[in-house]
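Here is a short briefing on a protein model. Look over the sequence and the fold before reading on.

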Amino acid sequence: MPTRPPSSRVLAAVVTGAATTLHYASPDVITDRRTRGWAKVAITGVALIASVPEVRATWSSDRQAPDGEASLAELFRSMPTSRKAVALTPVVAVVGAMVGWLAFMERLIFRRGQRRAAAGKRLPHTGPALVYGFLAGLLWFLSPPDDRR
């Protein structure tokens, strides 16, 4: 029997989908670059605030280690500072690469919309933005992998 997702997850999915759509469709509505940047910051803030209850619930469930095992946070706190730095180096590298990739992809998406606008397409950013928003909202309903033994 399928279970109904919690209301906080549904709210986060709807807000994330709407925020993603607004984020990517904003060049069709806001022509000033600076204003569009601030609008995107506000839209991202709303999406983050909507996801707080779900993220908080996930973090609280992850902190409970099964069968008396030490949690990852406890293991990390017990490490010496030099080992923490070594452990965090790949994390920082991956996050940096992800941010660079995201900026690159956003620039490609924007330029594609601008080419469509130059070709005479009406609301060239909105069509793809609807697809991106739907996919972003759908991601909230994927179940996380079960990594517990």
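The points below cover helices and surface patches.

This is a predicted model: local features need pLDDT of at least 70, side-chain atom pairs count only at pLDDT 80 or more, and totals for chains, interfaces and linings use all residues. Residues are numbered from 1 along each chain as its sequence is written, and side-chain values use heavy atoms, with hydrogens and water left out.

**Helices** (DSSP runs of H or I, at least four residues, numbered from the N terminus)

- Helix 1 covers residues 7-29, 23 residues in total. Its first and last C-alpha atoms are 31 Å apart, close to the expected 33 Å (1.5 Å times one less than the number of residues).
- Helix 1 bends by about 40° at H23 (the angle between axes fitted to the seven residues ending there and the seven starting there). The proline P27 follows within four residues.
- Helix 4 has 38 residues, 81-118. It should span 56 Å at 1.5 Å a residue, and the 54 Å between its end C-alpha atoms agrees.
- Helix 4 bends by about 30° at L88, with the proline P90 following within four residues.
- Just after helix 4, G120 has a positive phi of about 100°.

**Surface patches** (residues with over 30% relative accessible area and no salt bridge; like charges are joined within 9 Å, nonpolar side chains within 5 Å; a salt bridge puts a Lys or Arg side-chain nitrogen within 4 Å of an Asp or Glu carboxyl oxygen)

- R33, R107, R111, R112 and R115 form a positive patch. Helix 4 gives the most to it, four residues.
- A nonpolar patch includes V10, V14 and L135. Its residues together have about 640 Å² of accessible area (Shrake-Rupley method, 1.4 Å probe).
- Helix 5 (126-139) gives the most to the nonpolar patch, with four residues.

Notes:
Helix = DSSP H or I, 4+ residues; strand = E, 2+ residues; numbered from the N terminus. Lys, Arg positive; Asp, Glu negative; His and termini not counted. Charge placed at Lys NZ, Arg CZ, Asp CG, Glu CD.
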